[in-house]
Amino acid sequence: MKFFSIDSPVYRFMQRLWDVVKLNLLWLLFSLPIVTVGCSTIAAFSVTLKMTEDREGNIGRDFLKAFADNWKQGIPMSFISIICFLSVYYDFQLYNAMTENALPFLLIGVFAAYIFTLSLIYAFPLLARYKNTVLNCLKNSFRLGMRYFGRTLMLVFIVALEVVIILWNPTTMFVGLIMGPACIIFTISGVAMYIFRDMEKIPGTTSNDPAEFEDSDPEPDDEETNEKK
(Lines give C-alpha, C1' and ligand atoms only; values in the text may rest on other atoms or scores of the structure.)
Protein backbone atom coordinates (compact mmCIF):
# COMPACT_ATOMS: atom_id res chain seq x y z
CA MET A 1 0.00 0.00 0.00
CA LYS A 2 3.01 2.28 0.34
CA PHE A 3 2.90 2.63 -3.44
CA PHE A 4 -0.32 4.64 -3.08
CA SER A 5 0.67 6.64 0.02
CA ILE A 6 1.00 10.41 -0.14
CA ASP A 7 4.75 10.05 0.46
CA SER A 8 5.32 7.77 -2.54
CA PRO A 9 7.17 9.09 -5.61
CA VAL A 10 4.20 8.20 -7.81
CA TYR A 11 1.80 10.26 -5.71
CA ARG A 12 4.18 13.24 -5.64
CA PHE A 13 4.66 13.01 -9.41
CA MET A 14 0.92 12.91 -10.06
CA GLN A 15 0.38 15.83 -7.67
CA ARG A 16 3.05 17.85 -9.47
CA LEU A 17 1.54 16.94 -12.84
CA TRP A 18 -1.89 18.08 -11.67
CA ASP A 19 -0.38 21.35 -10.41
CA VAL A 20 1.15 21.95 -13.85
CA VAL A 21 -2.19 21.26 -15.56
CA LYS A 22 -4.02 23.68 -13.24
CA LEU A 23 -1.36 26.33 -13.77
CA ASN A 24 -1.53 25.86 -17.53
CA LEU A 25 -5.31 26.29 -17.58
CA LEU A 26 -5.00 29.47 -15.53
CA TRP A 27 -2.31 30.77 -17.89
CA LEU A 28 -4.48 30.07 -20.94
CA LEU A 29 -7.57 31.64 -19.40
CA PHE A 30 -5.85 34.83 -18.28
CA SER A 31 -3.90 35.14 -21.55
CA LEU A 32 -7.04 35.19 -23.73
CA PRO A 33 -7.21 39.01 -24.03
CA ILE A 34 -3.68 38.75 -25.55
CA VAL A 35 -2.60 42.05 -23.96
CA THR A 36 -2.54 40.24 -20.60
CA VAL A 37 -0.28 37.40 -21.76
CA GLY A 38 2.67 39.13 -20.11
CA CYS A 39 0.78 39.42 -16.81
CA SER A 40 -0.23 35.75 -16.83
CA THR A 41 3.30 34.68 -17.79
CA ILE A 42 4.85 36.60 -14.89
CA ALA A 43 2.19 35.11 -12.58
CA ALA A 44 2.94 31.60 -13.87
CA PHE A 45 6.67 32.13 -13.30
CA SER A 46 5.92 33.35 -9.78
CA VAL A 47 4.31 29.97 -9.10
CA THR A 48 6.84 27.75 -10.91
CA LEU A 49 9.83 29.45 -9.26
CA LYS A 50 8.29 28.44 -5.92
CA MET A 51 7.62 24.96 -7.29
CA THR A 52 11.32 24.48 -8.04
CA GLU A 53 11.98 25.04 -4.34
CA ASP A 54 8.98 22.91 -3.23
CA ARG A 55 7.45 25.85 -1.39
CA GLU A 56 4.37 26.57 -3.49
CA GLY A 57 1.09 27.00 -1.68
CA ASN A 58 -2.30 27.14 -3.37
CA ILE A 59 -1.69 27.29 -7.13
CA GLY A 60 -4.82 29.30 -7.95
CA ARG A 61 -4.46 31.78 -5.10
CA ASP A 62 -0.75 32.35 -5.73
CA PHE A 63 -1.34 32.83 -9.45
CA LEU A 64 -4.15 35.35 -8.96
CA LYS A 65 -2.15 37.33 -6.41
CA ALA A 66 0.90 37.48 -8.69
CA PHE A 67 -1.30 38.45 -11.65
CA ALA A 68 -2.81 41.35 -9.70
CA ASP A 69 0.60 42.46 -8.38
CA ASN A 70 2.34 42.48 -11.78
CA TRP A 71 -0.21 43.75 -14.31
CA LYS A 72 1.52 47.15 -14.65
CA GLN A 73 4.72 45.42 -15.76
CA GLY A 74 2.98 42.53 -17.49
CA ILE A 75 1.07 44.58 -20.06
CA PRO A 76 4.20 46.34 -21.42
CA MET A 77 5.92 42.93 -21.52
CA SER A 78 3.01 41.62 -23.59
CA PHE A 79 3.55 44.26 -26.26
CA ILE A 80 7.33 43.92 -26.17
CA SER A 81 7.16 40.12 -26.56
CA ILE A 82 4.59 40.30 -29.37
CA ILE A 83 6.59 42.95 -31.25
CA CYS A 84 9.81 40.94 -30.91
CA PHE A 85 8.14 37.74 -32.13
CA LEU A 86 6.42 39.43 -35.09
CA SER A 87 9.62 41.27 -36.07
CA VAL A 88 11.57 38.03 -36.35
CA TYR A 89 8.67 36.17 -37.96
CA TYR A 90 8.10 38.74 -40.72
CA ASP A 91 11.81 39.11 -41.32
CA PHE A 92 12.09 35.39 -42.07
CA GLN A 93 8.94 35.60 -44.17
CA LEU A 94 10.64 38.29 -46.26
CA TYR A 95 13.74 36.12 -46.48
CA ASN A 96 11.69 33.21 -47.83
CA ALA A 97 9.89 35.48 -50.30
CA MET A 98 13.06 37.05 -51.72
CA THR A 99 14.47 35.48 -54.85
CA GLU A 100 17.76 37.36 -54.68
CA ASN A 101 19.74 39.47 -52.19
CA ALA A 102 18.02 37.58 -49.38
CA LEU A 103 21.13 37.08 -47.23
CA PRO A 104 20.80 40.43 -45.36
CA PHE A 105 17.29 39.46 -44.22
CA LEU A 106 18.60 36.13 -42.93
CA LEU A 107 21.43 37.79 -41.02
CA ILE A 108 19.13 40.43 -39.56
CA GLY A 109 16.61 37.77 -38.52
CA VAL A 110 19.24 35.58 -36.83
CA PHE A 111 20.78 38.56 -35.04
CA ALA A 112 17.38 39.85 -33.91
CA ALA A 113 16.35 36.38 -32.68
CA TYR A 114 19.60 36.16 -30.71
CA ILE A 115 19.13 39.58 -29.05
CA PHE A 116 15.42 39.08 -28.35
CA THR A 117 15.91 35.57 -26.92
CA LEU A 118 18.59 36.64 -24.46
CA SER A 119 16.63 39.75 -23.49
CA LEU A 120 13.37 37.89 -22.84
CA ILE A 121 14.28 34.42 -21.60
CA TYR A 122 15.04 35.53 -18.03
CA ALA A 123 13.03 38.78 -18.05
CA PHE A 124 9.78 37.13 -16.94
CA PRO A 125 11.31 35.13 -14.07
CA LEU A 126 13.26 38.25 -13.04
CA LEU A 127 10.03 40.25 -12.88
CA ALA A 128 8.39 37.41 -10.96
CA ARG A 129 11.15 37.17 -8.34
CA TYR A 130 12.45 40.74 -8.00
CA LYS A 131 11.17 44.30 -7.85
CA ASN A 132 12.60 46.17 -10.79
CA THR A 133 11.58 48.06 -13.93
CA VAL A 134 10.76 46.30 -17.17
CA LEU A 135 13.70 47.93 -18.97
CA ASN A 136 16.19 46.89 -16.28
CA CYS A 137 14.87 43.33 -16.26
CA LEU A 138 15.32 43.13 -20.03
CA LYS A 139 18.89 44.39 -19.70
CA ASN A 140 19.61 42.08 -16.77
CA SER A 141 18.16 39.13 -18.68
CA PHE A 142 20.58 39.80 -21.52
CA ARG A 143 23.48 40.08 -19.07
CA LEU A 144 22.56 36.81 -17.39
CA GLY A 145 22.16 35.12 -20.77
CA MET A 146 25.67 36.19 -21.76
CA ARG A 147 27.21 35.39 -18.37
CA TYR A 148 25.63 31.91 -18.29
CA PHE A 149 25.76 31.44 -22.03
CA GLY A 150 26.36 27.68 -22.03
CA ARG A 151 23.51 27.00 -19.62
CA THR A 152 21.26 29.40 -21.54
CA LEU A 153 22.09 27.70 -24.84
CA MET A 154 21.17 24.35 -23.29
CA LEU A 155 17.91 25.84 -22.01
CA VAL A 156 17.01 27.22 -25.45
CA PHE A 157 17.69 23.78 -26.97
CA ILE A 158 15.47 22.03 -24.39
CA VAL A 159 12.64 24.54 -24.86
CA ALA A 160 12.91 24.17 -28.65
CA LEU A 161 12.75 20.38 -28.23
CA GLU A 162 9.65 20.71 -26.06
CA VAL A 163 8.00 22.87 -28.73
CA VAL A 164 8.86 20.32 -31.44
CA ILE A 165 7.38 17.50 -29.33
CA ILE A 166 4.21 19.52 -28.65
CA LEU A 167 3.74 20.23 -32.37
CA TRP A 168 4.66 16.68 -33.46
CA ASN A 169 1.13 15.43 -34.19
CA PRO A 170 -2.51 16.15 -33.23
CA THR A 171 -2.24 14.00 -30.09
CA THR A 172 0.84 15.79 -28.76
CA MET A 173 -0.75 19.13 -29.70
CA PHE A 174 -3.79 18.25 -27.58
CA VAL A 175 -1.56 17.30 -24.63
CA GLY A 176 0.45 20.46 -25.27
CA LEU A 177 -2.71 22.55 -25.07
CA ILE A 178 -3.45 21.06 -21.65
CA MET A 179 0.02 21.44 -20.14
CA GLY A 180 2.56 22.59 -22.74
CA PRO A 181 3.07 26.29 -21.86
CA ALA A 182 3.27 25.56 -18.13
CA CYS A 183 5.84 22.81 -18.78
CA ILE A 184 7.98 25.25 -20.76
CA ILE A 185 7.67 27.89 -18.03
CA PHE A 186 8.58 25.27 -15.42
CA THR A 187 11.64 24.25 -17.46
CA ILE A 188 12.86 27.84 -17.72
CA SER A 189 12.19 28.34 -14.00
CA GLY A 190 14.46 25.44 -13.07
CA VAL A 191 17.44 26.95 -14.91
CA ALA A 192 16.57 30.51 -13.88
CA MET A 193 16.38 29.56 -10.19
CA TYR A 194 19.82 27.93 -10.39
CA ILE A 195 21.20 31.15 -11.89
CA PHE A 196 19.37 33.34 -9.37
CA ARG A 197 20.74 31.35 -6.43
CA ASP A 198 24.24 31.58 -7.87
CA MET A 199 23.80 35.28 -8.60
CA GLU A 200 22.51 36.04 -5.10
CA LYS A 201 25.69 34.60 -3.56
CA ILE A 202 27.60 37.51 -5.09
CA PRO A 203 27.58 40.63 -2.88
CA GLY A 204 25.61 43.43 -4.47
CA THR A 205 23.05 41.64 -6.61
CA THR A 206 20.02 42.85 -4.65
CA SER A 207 18.99 46.23 -3.30
CA ASN A 208 20.40 45.26 0.10
CA ASP A 209 23.86 45.83 -1.36
CA PRO A 210 23.43 47.77 -4.62
CA ALA A 211 25.67 46.53 -7.39
CA GLU A 212 25.49 45.22 -10.92
CA PHE A 213 25.30 41.58 -11.96
CA GLU A 214 28.56 42.01 -13.82
CA ASP A 215 31.66 41.83 -11.66
CA SER A 216 33.41 44.31 -13.93
CA ASP A 217 31.19 47.19 -12.77
CA PRO A 218 31.38 47.49 -8.98
CA GLU A 219 29.49 50.79 -8.74
CA PRO A 220 26.50 50.73 -11.13
CA ASP A 221 23.41 52.91 -11.02
CA ASP A 222 21.04 51.78 -8.28
CA GLU A 223 18.11 51.74 -10.70
CA GLU A 224 19.43 48.60 -12.38
CA THR A 225 19.63 46.51 -9.21
CA ASN A 226 17.02 43.98 -8.20
CA GLU A 227 15.09 43.94 -4.96
CA LYS A 228 13.90 40.47 -4.05
CA LYS A 229 10.14 40.20 -3.61
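Phe30, Phe63 and Phe67 come together as one aromatic cluster. The structure in which they are found is a predicted model, and a search through the whole of it returns 7 aromatic pairs.

One of these pairs is formed by Phe45 and Phe124, whose rings are stacked, with 6.5 Å from centre to centre and 10° between the planes. Because Phe45 belongs to helix H2 (residues 37-51) and Phe124 to helix H6 (residues 123-129), the pair ties together parts that are 79 residues apart in sequence. Phe45 is buried, at a relative accessible area of 2%, and Phe124 also counts as buried, with a relative accessibility of 10%.

The rings of Tyr130 and Phe196 have centres 5.4 Å apart and planes at 75°, so this pair is edge-to-face.

The geometry of the two pairs is set out below.

| Pair | Centre to centre | Angle of planes | Arrangement |
|---|---|---|---|
| Phe45 and Phe124 | 6.5 Å | 10° | stacked |
| Tyr130 and Phe196 | 5.4 Å | 75° | edge-to-face |

A contact of another kind, between a charge and a ring, involves Arg151 and Tyr194: the charged end of Arg151 sits over the ring of Tyr194, at 3.8 Å from the centre of that ring.

Conventions
Residues numbered from 1 in each chain as written. Predicted model: local features only at pLDDT ≥ 70, side-chain atom pairs only at ≥ 80, totals over all residues. Heavy atoms only, no water. Phe/Tyr/Trp six-rings, centres within 6.5 Å; stacked < 30°, edge-to-face > 60°. Helix = DSSP H or I, 4+ residues; strand = E, 2+ residues; numbered from the N terminus. Buried < 20%, exposed > 50% of the residue type's maximum accessible area, 1.4 Å probe, protein only. Lys NZ or Arg CZ within 6 Å of the ring centre and 35° of its normal.
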